[in-house]
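Please report on the model shown here.

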Amino acid sequence: SSSTSPQSHTISEAISTEQSETLAVFGATGQTGRYVVKIALEELGWQVKALARTPSKLVIEHANLTVIEGDFSNSDAIRETVQGCSRVICCGGGPHSNTKYPKRFMSKFVREELWPAIKESKPKSMLFQAGTLSKVHRFPTFSQVVAAPMMGLWPMAKDNDAVLRYIHKNPLQSTGVVCTRPGWLSDGKGGSKVKASKFPNQLPIAFVDLARFNLEAVLDEKIFGKNPYVR
């Protein structure tokens with residue numbers, strides 16, 4: 001990644017602010033999602049609809065923000081979140097734990113809730129944020145078998161694998177889809193330009209920089225249908 005100061009790289013360099021979008025965000029109170037919401041509202045001037053199990057955790061208030069109360073099993077709230085949106089970003093996930101991660105948490109949500117809602121509303125594109133340990137094929141990798149359990153990421157990695165396989169096998173007719181696989185993330189100040197890559201990141205990416213990348217990637221037709229790493 002090429003570094004710049006946090007002030008010198010803004011999303012507007014990559015996206016025309018004249019391009020008005022309505023964005024649905026899942027995982028809006030998470031470490032990446034909160035920046036996705038903030039940047040979409042404050043830098044891009046987009047309309048944002050965010051699903052939140054606990055709306056008070058979404059500390060931002062904005063005239064263009066609609067918060068829908070519900071969780072990943074609430075079909076009506078999920079449909080309402082996607083309805084009328086031109087873009088969808090999902091950066092939600094379960095806890096980093098080998099024992100507390102709910103079985104098939106994200107794959108059940110994508111298969112039973114998100115996909116039907118997207119088929120119904122037909123947004124232009126959708127981004128699903130997985131992780132660097134995830135892949136489409138079923139065979140466990142060395143990193144999944146050795147590194148993932150040590151970091152409490154084994155159940156999440158397997159679940160994201162299932163999501164990637166489902167998305168790969170169930171393409172959407174009207175919606176472009178990109179599945180990103182960022183690796184090491186941190187809560188740093190940001191200011192680095194990150195991009196889609198064939199290789200995992202070796203240095204930590206700030207959540208705010210990943211959020212900016214997500215907002216660029218959900219508009220980038222060149223990577224629709226792909227599962228890029230981010231670095």
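## A buried aspartate

Asp-159 sits in helix 5, where helices (H or I, at least four residues) and strands (E, at least two) are DSSP runs numbered from the N terminus. The model is predicted: local features need pLDDT of at least 70, side-chain atom pairs count only at pLDDT 80 or more, and totals for chains, interfaces and linings use all residues. Residues are numbered from 1 along each chain as its sequence is written, and side-chain values use heavy atoms, with hydrogens and water left out.

Asp-159 is buried yet has no salt bridge. Buried means under 20% relative accessible area, exposed over 50%, and partly exposed in between (1.4 Å probe, protein chains only). A salt bridge needs a side-chain nitrogen of Lys or Arg within 4 Å of a carboxyl oxygen of Asp or Glu. The nearest side chain of opposite charge, Arg-104, is 7.0 Å away. The side chain of Asp-159 does reach the backbone nitrogen of Met-106, at 2.6 Å.

## Positive phi

Arg-104 belongs to the loop between strand 5 (87–90) and helix 3. Its phi is near 55°, a positive value in a residue other than glycine. Arg-104 is partly exposed, at 48% relative accessible area.

Lys-122 also has phi near 55°. Its loop runs between helix 3 and strand 6 (125–129). Most residues other than glycine have a negative phi.

## Salt bridges

The count is 10 salt bridges. Asp-76 pairs with Arg-79, closest N and O atoms 2.8 Å apart. Both lie in helix 2 (residues 75–82), three residues apart. Asp-76 is exposed at 52%; Arg-79 is partly exposed at 33%. In helix 3, Lys-108 and Glu-112 are four residues apart, about one helical turn. Their side chains meet at 3.4 Å, N to O.

Lys-193 bridges to Glu-216 at 2.8 Å. Lys-193 lies in strand 9 (residues 192–193) and Glu-216 in helix 6 (residues 207–217), so the pair ties together parts 23 residues apart in sequence. Glu-216 is buried, at 15%. Shared partners also join Asp-76, Arg-79 and Glu-120 into one salt-bridge network.

## The largest pocket

The largest pocket holds about 1300 Å³ of space. Of its 42 lining residues, the closest to the centre are Gly-92, Gly-93, Gly-94, His-96 and Met-156. A pocket is an open set of points on a 1 Å grid where a 1.4 Å probe fits, with protein on both sides within 12 Å along at least five of seven lines; lining residues have an atom within 4 Å of a point. Helix 5 gives the most to the lining, with three residues.

Technical notes: Grid points are joined across faces, edges and corners, and a volume is the space filled by probe spheres set on the points. Lys and Arg count as positive and Asp and Glu as negative; His and the chain ends are not counted. A polar contact is a pair of N or O atoms within 3.5 Å; within protein, one must be able to donate a hydrogen and the other to accept it, and residues adjacent in sequence count only if both atoms are side-chain atoms.
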